[in-house]
Amino acid sequence: MACASLVAGLILGGCKRADPSASAAGGPPPKDSKARRVAVVVSTLNNPWFVVLAETARDRAKELGYEVTIFDSQNDPAKESAHFDNLVSSGYGAVLFNCTDASGSIANVRRAKAAGIPVFCMDREITANDAAVSQILSDNYTGCVALGQYFVAQVGETGRYIELLGLVADTNTWNRSKGFHSVVDRYPGLKMVAQQSAEFDRSKALEVLEALLQSHPDINAVFCGNDAMAMGAYQALLAAQKADKVKVFGFDGADDAVKAVAEGKIAATVMQFPKLMARTAAENADKYFKGERNFPHRTPVAVELVTRDNVAKYGNYGRR
Amino acid sequence: MAADEVGRVSDPPIVHPTGEKAGRRPAPLFAAAPIVISALLRDPGAAAKQHAHHVGIGGTAYYFVRGAGRVVSTGKNEIVVAVDGTDGVQIALRTGPLFGNTVRDGTGLLNVNEFPGLAEFNALSAAINRLVETRVLPPLREHAVVGAALEFAGCTEVPDAIGAGPVLSLVPVSAEFR
C-alpha cells in the first residue's frame, strides 16, 4: 500500500486497509484507488482544538474505509496552497478542509474541484458558494450573542474592556466579534479601550495583553475570540496580579479553558463541537463517493455557552 | 395536522441581498398559540417535535406562533398577554433590546444557503432585530394597557422547561390592537 507520508507537510498519516463493513452509508467505499484516499488539510496543529478536529476527521474517514493523510498548513496560506498542489498531483479522492483564509483559500478549493476532487469544509468558512461541496460551520455569531449577554450580566452595564481578535482573514473572527458587539455595544457604559489581533495564539495573546495593560491598567474584562487567547490573557493578568479583578471570556470549549471555567479563572467560554463537525464532513465525503450530490452548502452547528453554573456538563471537546 | 392547528402568513415577495427578486416562495407554517400552549403544557418534548422547527445540526428549535389575547401586565422589557382559547394561560411579548437570530431563524423564511456567506446572514439578524425594534415594538408599548385586546405573531426558542411565569416569551413580528 502506498503511504502518503512522502507528501511534503505531512504531519500525521493514517494508512489503513479499508474496512468496508464500517461504511455508514451501508455499502463499501469505492474500489477506485484514487477515491479511497482522503486528505485532511488543517489550518494548524499548534492548537489542541484543531488537533482534535483533524484527528477526528481522519479517524472517522478511516472508520468508513478510506486511507487518510493529515496536512498541517501551519496557519500559512502558502503552505496550504502547496498541500493542494501535492494532493491534486498525488491523486487524492477528497479533501476535508479547514482553511487558513476565508477568501484566499477559495482558489485552492477551486483548483481541487477542477481536478475532480470534492472539498468538504470544516469549522472555517470559505466565502464562495460554488467551490466546496459542503461547509459544516459552528454558529459563532449566535454563540457570541449568548456570550455577550453573559458578559453584560457578569461585568455590568458599565466598565472598560479589551478585545483580542483572532486571525483577521478568518470569518470566524468577525462572526464572533460581531455577535459579541451586537449585544455589548447596546450598553454605552461598556467601553472597549483596545481591540487587537492575537491571531488565535496563546503566546501572542500573552504578549499583546501584557503590552496593552501598560496603557490600560484599569480594565474590567477581556473578551477573546478563542480559548487559546483567553488562556494567554489569563497568564498575562496573573503576571500583572490582576487575575482576580479582570474577567476573561473565551470561545471554543478547549479542555484547558473548560477546566479554567470550573476553577473560576475564566468567566465563560462557548463550546463548539469539533468532533461533530469533523465526523459530519467525513460522512459527507463518504456519501459523495457513493453518489449523493444533494448537500446543503452551509450547515450551521449549534454552540453552547459554558459558565461555572453548567461547566460540569462539558469536557473532552463536547458534552460529557 | 388539522387545518385549525396551523395557518399561513401572507407571502410577500422575497428580495435577495443582490436586489434580484427571488420570486414568491412557500409561506412558512406557523402554529396557533392555543394549540402550541396546550401541547407544551401536556408534553414539552412532544410539543417541540410537532410544532417547532430546527436550524442546522443540534441547533436551536423555534416556534413561530400566532394568536390573540388580552394584556394582563406590562413591564420594562415585556408585555404579558392572556391567550384567547386557553384557560387564561399567559405568554410574554418581548419589548426590550433584541439580540440574536430568533426572528431570522424562527420564521423559517430565510435560508443561509441563499446568502453569500455567514457574515451577510448574521448581518441580516441585526437588521431584522432593528426593524422589529423600530416598527413593531413602539406601537406595541404605546397601546399596551391592561385589558387591551390584540392579535400577535412572534417567534421564540423552544423553552428548556415550563416555569411559573409565561409559558412562552415571543419576539413579536406583528402586534395589532383590536
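Contact means heavy atoms within 4.5 Å. This is a predicted model, in which local features need pLDDT of at least 70 and side-chain atom pairs count only at pLDDT 80 or more, while totals for chains, interfaces and linings use all residues. Residues are numbered from 1 along each chain as its sequence is written, chains are lettered from A and ligands numbered from 1 in the order in which they are written, and side-chain values use heavy atoms, with hydrogens and water left out.

**Exercise 1.** Describe the make-up of chain B.

*Solution.* Helices (H or I, at least four residues) and strands (E, at least two) are DSSP runs, numbered from the N terminus. Chain B has 4 helices and 10 strands. Along the sequence they follow the pattern β-β-β-β-α-α-β-β-β-β-α-α-β-β. Among contacts in chain B between residues at least 6 apart in sequence, 61% join residues at least 24 apart.

**Exercise 2.** Determine how E8(B) pairs with E7(B) and with E10(B).

*Solution.* Two strands pair if DSSP finds at least two bridges between them. Step one: E7(B) and E8(B) are antiparallel, with 5 bridges. B:Ala92 in E8(B) is the bridge partner of B:Val80. The hairpin of these strands has 6 residues between them, and B:Gly85 there takes a positive phi near 85 degrees. Step two: E8(B) and E10(B) run parallel and are joined by 2 bridges. Here B:Ala92 stands opposite B:Ser169.

**Exercise 3.** Identify the residues that touch the most other members of the largest nonpolar core.

*Solution.* A nonpolar core is a set of buried (under 20% relative accessible area, 1.4 Å probe, protein chains only) Ala, Val, Leu, Ile, Met, Phe, Trp, Tyr and Cys residues joined through side-chain atoms within 4.5 Å. The largest has 35 residues, of which B:Tyr63, B:Ile91, B:Leu93, B:Phe152 and B:Leu168 touch the most other members. The elements that each supply at least two residues include helix H4 (118-143) and strand E8 (90-94) of chain B. A second, separate core of 34 residues includes A:Met231 and A:Leu237.

**Exercise 4.** Classify the packing of H2(A) against H3(A).

*Solution.* The axes, lines fitted to C-alpha atoms over the stretch in contact, come within 10 Å and cross at roughly 5 degrees for H2 (residues 77-89) and H3 (residues 106-114) of chain A. H2(A) is therefore roughly parallel to H3(A), a term for angles under 35 degrees. A:Phe84 and A:Val88 are among the H2(A) residues in this contact, and A:Val109 and A:Ala112 are among those of H3(A).

Methods: Axes fitted to C-alpha atoms, helices over the stretch in contact; angles between N-to-C directions. Parallel < 35°, antiparallel > 145°, perpendicular 65-115°, else oblique. Buried < 20%, exposed > 50% of the residue type's maximum accessible area, 1.4 Å probe, protein only.
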